[in-house]
Amino acid sequence: MPKFRDRLPRLLVLCVLAGGSALAGCAADVSGTPIPAAGFQDQPEATETRSAIATPPNIPAPRGEVDPCTLLAPADLVPVGGVVGPPHPGNPVPGACAHLLGGQPDNTAAAGFHEPYRVLAQRQPRGVEVDVLGYSSWLYCEPVTGYQTCTAATAIRPDRSLLTMLSLKDASAADTADRLFGLTSAALRKLPPA
């Protein structure tokens, strides 16, 4: 499977050209409207999923969990504007921790732990599966009130995912997803073996 960075330009250009709709040739049309911020909602919107997640996700070595506020260190956040103020545990969902970033008032990065990869991918049928350090990760980007918000749900165990999120004012999906890849990689490297 190609690495995330190798696939990113092709996948994101297709997503942008298709206006965020399901990628042609990769998925059937799915009814409904996607929920912004993959995995950060309580109820799935659609139960139909793409064949891309029909097989078990790649989990080279199961990972344990740590305090979610330690997943993104200040040094990790410098490339996305640097951290402003203290971390916000329990945001945007329980088990996650948000960090306000410099640049724009609501630029935000977050990381934490949530439901299994399959469940989160089902909530965002318009997302794409990518590879992050050998782990299956479900990437979804959506513009929300002037902010480009991208999330990644990375399979770390069959029952758990590492969630990462980046929301940047006036940024492109490609740029935000590329920066999110760096944050996801940094957070994944901090996880101990399960």
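Me: Is Glu 65 buried or exposed, or partly exposed?
Reply: Glu 65 is partly exposed, at 33% relative accessible area. Buried means under 20%, exposed over 50%, and partly exposed in between, using a 1.4 Å probe and protein chains only. This is a predicted model, where local features need pLDDT of at least 70 and side-chain atom pairs count only at pLDDT 80 or more, while totals for chains, interfaces and linings use all residues. Residues are numbered from 1 along each chain as its sequence is written, and side-chain values use heavy atoms, with hydrogens and water left out.

Me: Which residue forms a salt bridge with Glu 65?
Reply: Arg 160 does, with the closest N and O atoms 2.7 Å apart. A salt bridge here is a side-chain nitrogen of Lys or Arg within 4 Å of a carboxyl oxygen of Asp or Glu.

Me: What about Arg 123, buried or exposed?
Reply: Arg 123 is buried, at 3% relative accessibility. Its side chain meets that of Glu 115 in a salt bridge (2.7 Å, N to O). Glu 115 is partly exposed, at 28%.

Me: And how far apart are Asp 175 and Arg 179 in helix α4?
Reply: They are 4 residues apart in helix α4 (residues 173–189), so about one helical turn separates them.

How values were computed
Helix = DSSP H or I, 4+ residues; strand = E, 2+ residues; numbered from the N terminus.
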